[in-house]
Amino acid sequence: MRRATSNLCANLWHSSSFRPANYSSHAALTKDRYKVQRGKYASLTDKDVRVFEEIVGKTRILTDDADVEAYNVDWLRSVRGFSKCVLKPKTTEEVSAILKYCNERVLAVCPQGGNTGLAGGSNPVFDEVVISTSLMNNILEFDSLSGVLSCQAGCVLEQLETFLLEQGHMMPLDLGAKGSCQIGGNVSTNAGGLRLVRYGSLHGNVLGIEAVLANGEIVNCMSKMKKDNTGYHLKHLFIGSEGTLGFVTKVAIQCPVNPKSINVALLGLESYDKVLEILKTSRRDLGEILSSCEMMDLDALKVVEENLKLRIPIKECPFYILIETSGSNSNHDEEKLALFLENALDKKVVLDGTQASEPSRIKQIFELRERIAEALLMDGFLYTYDFSLKPVDFYSIVPALREHLKNLPNVLRVNGFGHFGDGNLHLNVTSKEYSKEILNTIEPFVYEWVSKVGGSVSAEHGIGFKKTGAVKFSKTPQAIKLMQQMKGVMDPNGILNPYKVLPL
């Protein structure tokens, strides 16, 4: 049994019924908002389109502005390119033919999966040719003994989850956008999510990858072995590189057995010191059954209550912790969680709380956490960041940023929530509409703050386009130089997802 998660967040971004009051179908062009210069790439011609039609067919190429627009804009409405061509290959060989031709012509390309990213990594900056993996959605093989799933890059995460549930297994990755995001994009951004504290990162769970290099060469690293110590681990070059080193076409991923028992608890706490105490005791007392540990401040839950009309089932508290346990023995797990909660209440660590094991109640509780981003976007414009921070520093940046922004009247709210168990904070600021003044006040302040305490400026969303200037806060000049050298070797013409990941 797995909990039924809320996918409304992912499914409503493009729905006319869910758009902020000041929504505009035409967000400002990235090149204008962020003052970017176009690289020395060729421009698309009618001849190029005819060549692409020969590769994928006329029904799998989009060139009308109305059809292409959704691929140009991210769901935050923070970046927007002006691509004139979207290609929808079905096979690795078609991707290979497309990239070989684009490399020879020096046509820039933008790989795109479900387009659910938060850093602008999956959208063109200028007129790059978009290569969508949406039709590369076949499950290739599943080995029930090893738990290894092989699939194409365009498989939607929820599609894989549904398939695996029938086999008694589950995906090691769980995201609020699982109804739209694709596994190739997840791997390319090294997505984290709610289960990382239990099952680890994709660097550990992805056993094999097939990718196409810029010149069209297919690199088959589709090992299905848990241990493969033969030379360089090339697959890791593609995990987290956001399509800048190669185009991921297939994935082999280790999938754990589906737990028989799921329990959640939502706890209210009066101070951040109590939050730290809960983290310590949950790791100690829940041990092997702890699968998620999420933290939300009051403002983060209030926005869900105000904008989405969801009810918080416990009394108002400055902080909230959402704990999930998963195991094989329901009686054992429920007893262990109940004892943990009893001790927390007796010691007055927790002000209030609620516990659930029924799928419907679990879904209701997790909706409060998973729909925060959706609720924030309804304020108008969302400036969102994800940082890796030590537990002691995890929340301190939120009041620091509130103080830093206090003289800007257009700021609506500043809050924080995230994957507390693995130190991943989501920091958010909202305003009615985009403000350059607000952005320039937030940045580089937040990056400098994180760097000073030894954190990472990107925990799971990647660098994309919007954080290229922040890489220097987490990587040394020598490391950045090495990454640039790797890019030069693997993509000498720079056609793969240009303007992304590396400093411009």
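Guide: Let us begin with a group of charged residues: E161, D174, K178 and R195 are linked in a network of salt bridges. Please keep in mind that this model is predicted. In total, the structure holds 26 salt bridges, and several individual pairs deserve attention.

One of them joins R105 and D48, whose closest N and O atoms are 2.8 Å apart. This pair links distant parts of the chain, for R105 belongs to helix α5 (residues 92–105) and D48 to helix α3 (residues 46–56), 57 residues apart. R105, with a relative accessible area of 27%, is partly exposed.

A further salt bridge is formed by K224 and E141, with 2.5 Å between the closest N and O atoms. Here, too, distant parts of the chain are linked: K224 lies in the loop between β8 (218–221) and α10 (235–238), E141 lies in strand β5 (residues 139–143), and they are 83 residues apart. K224 is partly exposed, at a relative accessible area of 33%, and E141 is also partly exposed, at 42%.

The salt bridge between D285 and R284 has its closest N and O atoms 2.9 Å apart. D285 is partly exposed, because its relative accessible area is 23%. R284 has a relative accessibility of 56% and so counts as exposed, the limit for that word being over 50%.

A pair of aromatic rings is described by the distance of the centres and the angle of the planes. The count for this structure comes to 18 aromatic pairs. In one of them, the rings of F126 and Y499 have centres 5.2 Å apart and planes at 55°, so the pair is tilted. F126 is in the loop between β3 (109–112) and β4 (129–132), while Y499 is in the segment after α19 (477–490); the pair thus links distant parts of the chain, 373 residues apart. F126 is buried, with a relative accessible area of 4%, and Y499 counts as buried at 11% relative accessibility.

Another aromatic pair, Y272 with Y395, is stacked, with 5.9 Å from centre to centre and 25° between the planes. This pair likewise links distant parts of the chain: Y272 is in helix α11 (residues 272–286) and Y395 is in the loop between β14 (381–388) and α16 (397–404), 123 residues apart. Y272 counts as buried because its relative accessibility is 13%, and Y395 is buried with a relative accessible area of 8%. Both residues belong to one aromatic cluster, which is formed by Y272, F319, F394, Y395 and F420.

Charge and ring come together at R33 and Y434. The charged end of R33 sits over the ring of Y434, 3.8 Å from the centre of that ring.

Helix α14 (residues 359–370) has twelve residues, and the distance from its first C-alpha to its last is 15 Å, close to the 16 Å expected at 1.5 Å a residue. The buried residues in α14 are I362, I365, F366, E367, L368, R369 and E370.

Finally, let us consider the backbone. The peptide bond from E443 to P444 is cis, with omega near 5°, and P444 is found in the loop between α17 (436–442) and α18 (445–452). Two residues are to be noted for the angle phi. Phi of K35 is near 55°, a positive value in a residue other than glycine; K35 is found in the loop between α2 (30–33) and α3. E242 is likewise a residue other than glycine with a positive phi, near 55°, and its place is in the loop between α10 and β9 (247–254).

Note on methods:
Residues are numbered from 1 along each chain as its sequence is written. This is a predicted model: local features need pLDDT of at least 70, side-chain atom pairs count only at pLDDT 80 or more; totals for chains, interfaces and linings use all residues. Side-chain values use heavy atoms; hydrogens and water are left out. A salt bridge is a side-chain nitrogen of Lys or Arg within 4 Å of a carboxyl oxygen of Asp or Glu. Helices (H or I, at least four residues) and strands (E, at least two) are DSSP runs, numbered from the N terminus. Buried means under 20% relative accessible area, exposed over 50%, partly exposed in between (1.4 Å probe, protein chains only). The expected span of a helix is 1.5 Å times one less than its number of residues. Rings of Phe, Tyr and Trp (its six-membered ring) pair if their centres lie within 6.5 Å; planes under 30 degrees apart count as stacked, over 60 as edge-to-face and the rest as tilted. A charge sits over a ring if NZ of Lys or CZ of Arg is within 6 Å of the ring centre and within 35 degrees of the ring normal.
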